[in-house]
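Please keep the viewer open as you read.

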Amino acid sequence: MWLTLLYSCTGGAALLYALYRWVIPAAVQYHGGLALLWHDIIVERMLDTLTQSTRPQRLLGAVQKNATRGDPRSVVKAIDEFCRHKEWAMNVGDEKGCILDSVVSELNPATVLELGTYCGYSTVRIASLLPPHAKLITLEFNPDYAKIACQVIAWAGLEDKIQLVEGSSAEWIPKMKEHFGVKMLDLVFMDHWKDDYLPDTKLLEDCGLLRKGSVLLADNVICPGSPDYLKYVRRSPRYKSQYFRSHLEYTKAEDGLEKSVFLG
């Protein structure tokens, strides 16, 4: 009897592990909404409870364990490996990250604003490609995320190129010129709250931070999506917009980046 019960418990545990580790992740790969529900709510909360840590803390641990200090690309690789094989996280990811890299390399910007730092993944990608004396200002509303991002950025050896600011975009965009000496922005990478994409774009315009040729690059425009922002930049005569089709980070669900060039 006890042997039968042991076999049943072992089999049940194996089944639950298989469902958690392989079956459900494979099932949600092609549906963005389900993928976000599974990875960003259910799994994250469960692991937070079991480990008494947070996802950003676990991501930082992967960087410190697997990345070479002072090597930005090894930091990016360590985070991608963690997110693909250990635990999903809401970075721009490796696939869309290549698109981000190409835009940064093409523009060779002197002044960049990033809205939404999270753990510093895209911050490191951008900063590692900037020319000498370029400035990257990244805004993060969540102080816990900002704390982790500071350590990731330091591990990559990019502290001198990056200024991380805690606070909301609505608060800091109007202060760009006064507090940071920014005259115009060459590139704005948006990866924060999707509902803020459109009001922040209009705020950037109203504050005179966009020049002819400035580029807005917006992530997750399909999943979770920012339809009002897409409608605005695609219909406005002030922008020339291009969609880069890709996938939601570390899944097969459709997502993409919208590159919008300000025409003045």
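N108 counts as partly exposed, at 47% relative accessibility; in this report buried means under 20% relative accessible area, exposed over 50%, and partly exposed in between, with a 1.4 Å probe and protein chains only. N108 is found in the loop between α5 (93-107) and β1, where helices (H or I, at least four residues) and strands (E, at least two) are DSSP runs numbered from the N terminus. Although N108 is not a glycine, its phi is positive, at about 50°. Most residues other than glycine have a negative phi, and most peptide bonds are trans.

A word on the ground rules: this is a predicted model, in which local features need pLDDT of at least 70 and side-chain atom pairs count only at pLDDT 80 or more, while totals for chains, interfaces and linings use all residues. Residues are numbered from 1 along each chain as its sequence is written, and side-chain values use heavy atoms, with hydrogens and water left out.

**The chain as a whole**

The secondary structure of the chain comes to 12 helices and 7 strands. Its C-alpha trace spans about 80 × 40 × 30 Å along the principal axes. Buried residues make up 50% of the 264 residues. If we take contacts (heavy atoms within 4.5 Å) between residues at least 6 apart in sequence, 71% join residues at least 24 apart.

**Around T138**

Is T138 buried or exposed? T138 is buried, with a relative accessible area of 0%, and its place is in strand β2 (residues 135-140). Leaving aside neighbours within four places in sequence, T138 is in contact with E114, T117, T123, I162, Q163, L164 and V165. With E114 there is also a side-chain to side-chain polar contact, at 2.6 Å. A polar contact is a pair of N or O atoms within 3.5 Å; within protein, one must be able to donate a hydrogen and the other to accept it, and residues adjacent in sequence count only if both atoms are side-chain atoms.

**Aromatic rings**

Rings of Phe, Tyr and Trp (its six-membered ring) pair if their centres lie within 6.5 Å; planes under 30 degrees apart count as stacked, over 60 as edge-to-face and the rest as tilted. By this rule the count comes to 5 aromatic pairs. Two of these pairs are set out here.

| Pair | Centre to centre | Between the planes | Class |
|---|---|---|---|
| Y118 and Y145 | 4.9 Å | 90° | edge-to-face |
| W172 and F180 | 5.6 Å | 40° | tilted |

Y118 lies in the loop between β1 (111-115) and α6 (121-127) and Y145 in helix α7 (residues 143-156), so their pair ties together parts that are 27 residues apart in sequence. Y118 is buried at 8% relative accessible area, whereas Y145 is partly exposed at 22%. Y118 also has a positive phi of about 50°, although it is not a glycine. Both W172 and F180 are buried. Elsewhere, ring pairs link Y232, Y239 and F262 into a cluster.

Charges meet rings here too; a charge sits over a ring if NZ of Lys or CZ of Arg is within 6 Å of the ring centre and within 35 degrees of the ring normal. The charged end of K175 sits over the ring of W172, 4.7 Å from its centre. The ring of W155 has the charged end of R69 over it, 3.9 Å from the centre.

**A hairpin and a cis bond**

Strands β6 (residues 239-247) and β7 (residues 254-262) pair in the antiparallel sense over 9 bridges; two strands pair if DSSP finds at least two bridges between them. Y243 has E258 in β7 as its bridge partner. The hairpin of β6 and β7 has 6 residues between the strands, and there Y250 takes a positive phi near 65°.

Which residues does a cis peptide bond join? The bond joins C223 and P224, with omega at about 0°, and P224 is found in helix α11 (residues 221-225). Another proline, P143, is found in helix α7 and counts as partly exposed at 44% relative accessibility. The C-alpha atoms of P143 and S241 are separated by 33 Å, and the two residues are 98 apart along the chain.
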